[in-house]
Amino acid sequence: MNRIKTLVAMLLCFCSLQIAQAQVKFGVKGGLNITTYHLDNIHSKAYLYRGFYVGPSVKLSLPITGLGVESALLYEQKESDVKAQNSSNTHILRQKQVSLPLHARYSVGLGSVANVFIYAGPQFSYNLGNSYKTLKEDVTTWNFSKTNLSVNAGLGVTMLKSFQLSVGYNKAIGKTGEVSFNDAIKKSIEGKADSWQVGMAVWF
């Protein structure tokens with residue numbers, strides 16, 4: 001037991017030392033969301049000009065070469081056209097949310113000018129605005145979940161230590177929302193929103 005306590009104490013001291021020596025940078029990031037909603041028997045089309053994210057961010061570079069942590073507080077908007085099977089009617093699903101991504105990242109330097117990095121981690125989101133969208137009057141309604149959990153993964157490049165470009169994928173864990181039908185049908189279909197993300201950040 002004493003050995004375990006000693007090991008835990010050493011580990012905590014090591015972590016505290018790493019955090020104390022870490023370099024912290026603050027910045028602003030923004031970009032595009034290219035979103036597709038996956039619903040049973042409903043097809044979705046994604047468009048480049050629909051959807052964006054923007055907000056303050058923070059990056060923690062650990063003394064261990066290449067390792068770091070990145071987070072942000074983002075306002076996000078995701079949109080996609082959806083059309084029910086065998087129907088000519090197209091509807092826009094528009095989701096507005098506040099998101100908190102938490103990424104682990106690993107960087108490899110390309111001299112003093114740039115470095116490339118990969119990142120991955122969870123994202124927690126809280127839905128804002130309208131929580132539903134009528135797809136067919138008195139028949140079907142799309143209902144957004146109040147909270148969402150997703151996972152991000154991607155890669156990027158940082159230039160001159162201040163400018164960052166990245167491309168990643170946001171994968172929903174669990175449902176983003178569901179299609180509910182009227183009382184006569186009594187049925188619901190779960191749906192997920194997955195997004196490609198193209199972004200830029202500026203670090204100060």
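A salt bridge here is a side-chain nitrogen of Lys or Arg within 4 Å of a carboxyl oxygen of Asp or Glu. By that rule, the count comes to five salt bridges. This is a predicted model: local features need pLDDT of at least 70, side-chain atom pairs count only at pLDDT 80 or more, and totals for chains, interfaces and linings use all residues. Residues are numbered from 1 along each chain as its sequence is written, and side-chain values use heavy atoms, with hydrogens and water left out.

Figure 1. Helices (H or I, at least four residues) and strands (E, at least two) are DSSP runs, numbered from the N terminus. Reading along the sequence, you get α-β-β-β-β-β-β-β-β-β-β-β-β-β. Of the 204 residues, 36% count as buried; buried means under 20% relative accessible area, exposed over 50%, and partly exposed in between (1.4 Å probe, protein chains only).

**Figure 2. A salt bridge joins Glu 70 and Arg 105.** Their side chains meet at 2.4 Å, N to O. Glu 70 sits in strand 4 (residues 67-72) and Arg 105 in strand 6 (residues 90-110), so the pair ties together parts that are 35 residues apart in sequence. Glu 70 counts as buried at 4% relative accessibility, and Arg 105 is buried too, at 5%.

**Figure 3. Arg 105 again, this time over the face of Phe 117.** Arg 105 is 3.9 Å from the ring centre. To count as over a ring, NZ of Lys or CZ of Arg has to be within 6 Å of the ring centre and within 35 degrees of the ring normal. What else is there to see around the rings? A search of the whole structure finds three aromatic pairs. One of them is Phe 117 with Tyr 119, a tilted pair with 6.3 Å centre to centre and 40 degrees between the planes. Rings of Phe, Tyr and Trp (its six-membered ring) pair if their centres lie within 6.5 Å; planes under 30 degrees apart are stacked, over 60 edge-to-face, and the rest tilted. Both Phe 117 and Tyr 119 are buried.

**Figure 4. Lys 171 forms a salt bridge with Asp 194.** The closest N and O atoms are 3.1 Å apart. Lys 171 belongs to strand 11 and Asp 194 to strand 13, so this pair ties together parts that are 23 residues apart in sequence. Lys 171 counts as partly exposed at 37% relative accessibility, whereas Asp 194, at 3%, counts as buried.

Figure 5. Gly 156 is buried, with a relative accessible area of 10%. Asn 115 is 41 residues from Gly 156 in sequence, yet the two are 8.6 Å apart, C-alpha to C-alpha.

**Figure 6. Leu 160 in the loop between strand 10 and strand 11 (163-173).** Leu 160 has a positive phi of about 55 degrees although it is not a glycine. Most residues other than glycine have a negative phi. Lys 161 lies in the loop between strand 10 and strand 11 as well, and its phi is near 65 degrees, also positive. Leu 160 counts as exposed at 57% relative accessibility, and Lys 161 counts as exposed at 57%.
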